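Thanks for coming, everyone. Let me walk you through this one quickly, pocket and then salt bridges.

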Amino acid sequence: MLQPKLFTVLKSGYPKEQLFKDIIAGIIVGIIAIPLSIALAIASGVSPEKGLYTAIIAGFLISFLGGSRVQIGGPTGAFVVILYKIIQEYGYDGLVVATLMAGVMLIAMGLLKFGSAIKFIPYPITTGFTSGIALVIFSQQIKDFLGLRMEKTPSEFIERLIEYGKSIGTIQVESLVIGLVALAILIGWPHLSKRVPGALVAIIVTTVLVQLLGIPVDTIGSRFSDLKSGLPTFSLPHADWAMIQSLIQPAFTIAILAGIESLLSAVVADGMIGGKHRSNMELVAQGVANIASVLFGGIPATGAIARTAANVRNGGRTPVAGMVHSITVLLVMLILMPYAKLIPMTTLAAILMIVAWNMSEIRVFKGLLKAPKADVFILLLTFVLTVVLDLVVAIEVGIVLAAFLFMKRMADNTTIESIRDDLQDQPDFALANPEGIDPRIQVYQINGPFFFGAADTFANTIQENIAPTRVMILRFRRVPFMDATAYQALYKVYTYCRRHRILLMFTQIQEQPLALLEKNGFIDLAGRENFFENIESAMPRANAYLELHDQYGRNKSRTKHHEHGH
């Protein structure tokens, strides 16, 4: 159903008590979103206000148009790695172009009703790249947390670690101490208060300490001297065809990440409120929100699981809470942005280290190590590729490998077995066929989906065991699906049987395989008289064919004998 949840809520009646709860929840989540938006923007390689613009514009549209009652949208850690690389290579204009394409892809995915298809991405892949992203984000914060003096932080993980090693002698003790204070507050504060966000407390305490004591550490102001505090403005990117072509792959990754992250967040929210989100409408909203975000100076956005959970815990139950959250961020930005320049960079690094830790899902990761070996391999490969190479490569390789392993499992589960002896042991069949089944009649049953992964096995099994056969009966009772490759294998068996004068018969063909055979003209080719409801009804024709074959052999023998006599 392509209708925003907000419209459904307003149509069904919206009590004043819930409006008040939504406003309070929205204000609290807005306050939580401010430090995270600033930190995530800086980690992505852009200026702090771009993170706030994203929370304002994308956050508002995701709530206004989305398919979830309580989803909170904005910048998230999932995007940091891919955004940082795009910024390094193509600049902000390149990021805008990639996000615009990703937005169009998301809208198309929603309109084509791909919302439910996202769930087919295997869990080891999502866990692998999420944990990989977490490690990369954590590693990116070491420079500011320790106050290392480095001209530039490499975008590649291994190179970054090497540079850290070279610069380890430039650790600034003041930055480390302030970072540790922030980290202690972030870890300890939730035990004192759940309502006031620990990130906000850490920022206030460390900023006041730095200013009062005159501690010489890097701040947002010293790093970003041209920090803007005004409203976002509309602008189009400068791009050429070559840039657009080179950004198609990263755009696809942004779209897939946005889709996965937002729908996962919506599912978590459903569990918390006992609701049901509209996945396709959510994808459309994500697409529109991402397009608008970058056209007004923001970065890519998606549903944020932690902020969505905070919204629910504080009483938010309708999209109004998400819209209030965006308005709160806007008002705070307009009033307090000059003070944001005073925030120590080491504090933001500490906040992102906690974000990375929460993203890493270490318990889930450890749990998956007990899964089947194929799943463990996909998990570790996706994790390593995300960290060492590239998130795009990790997702592509992970999905392709998972698909191949799935097909192998399906092919291994699809078996072709002779059921001749089993049939003769059945009392009803033995009663109808007291003399048993003639040795020249072979009966095979296919178990499982008959697709390209099992086609060769089928053809080889049949032809290897066909030597003394005159009649071949194939039972399709357990074949729910058949594809074009399997059809070609079946056709190959048919031509072989015809060439060797073997009667090929079929029983209990299900709806989809039967429709495929009918469409290809196979039923008329093989003869409609050779298709039966069960083995029992097929046996008289099989025996009659053997009788004709024997009679033909006797007549041929007599003719030869007669000719020889003359």
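**Pocket and salt bridges**

Start with the lining of the largest pocket: 25 of its residues are nonpolar, 10 are polar and six are charged. Keep in mind that this is a predicted model.

How many residues line that pocket? The count is 41, and Ile 305, Ala 306, Arg 307, Arg 313 and Asn 358 lie nearest the centre. The volume comes to about 1500 Å³. Several helices contribute. Among those supplying at least two lining residues each are α2 (16–44), α5 (123–146), α13 (305–313) and α15 (345–360).

Now the salt bridges. The structure has eight.

Take Lys 166 and Glu 163. Their closest N and O atoms are 3.6 Å apart. Both sit in helix α6 (residues 157–166), three residues apart, so about one helical turn separates them. Is Lys 166 buried or exposed? Lys 166 is exposed, because its relative accessibility is 63%. Glu 163, at 26%, is partly exposed.

Next, Asp 438 and Arg 440. This salt bridge has its closest N and O atoms 3.1 Å apart. Asp 438 is partly exposed, with 22% relative accessible area. Arg 440 is partly exposed too, at 22% relative accessibility.

Third, Glu 518 and Arg 528, which meet at 2.6 Å, N to O. This pair links distant parts of the chain, 10 residues apart: Glu 518 is in helix α23 (residues 511–519), and Arg 528 is in the loop between α24 (522–526) and β7 (531–532). Glu 518 is partly exposed at 37%. Arg 528 is partly exposed at 44%.

Definitions and conventions:
Residues are numbered from 1 along each chain as its sequence is written. This is a predicted model: local features need pLDDT of at least 70, side-chain atom pairs count only at pLDDT 80 or more; totals for chains, interfaces and linings use all residues. Side-chain values use heavy atoms; hydrogens and water are left out. On a 1 Å grid over the protein atoms alone, a cavity is a set of points where a 1.4 Å probe fits but cannot get out, and a pocket is an open set with protein on both sides within 12 Å along at least five of seven lines; lining residues have an atom within 4 Å of a point. Grid points are joined across faces, edges and corners, and a volume is the space filled by probe spheres set on the points. Helices (H or I, at least four residues) and strands (E, at least two) are DSSP runs, numbered from the N terminus. Ala, Val, Leu, Ile, Met, Phe, Trp, Tyr, Cys and Pro count as nonpolar, Asp, Glu, Lys and Arg as charged, and the others, Gly among them, as polar. A salt bridge is a side-chain nitrogen of Lys or Arg within 4 Å of a carboxyl oxygen of Asp or Glu. Buried means under 20% relative accessible area, exposed over 50%, partly exposed in between (1.4 Å probe, protein chains only).
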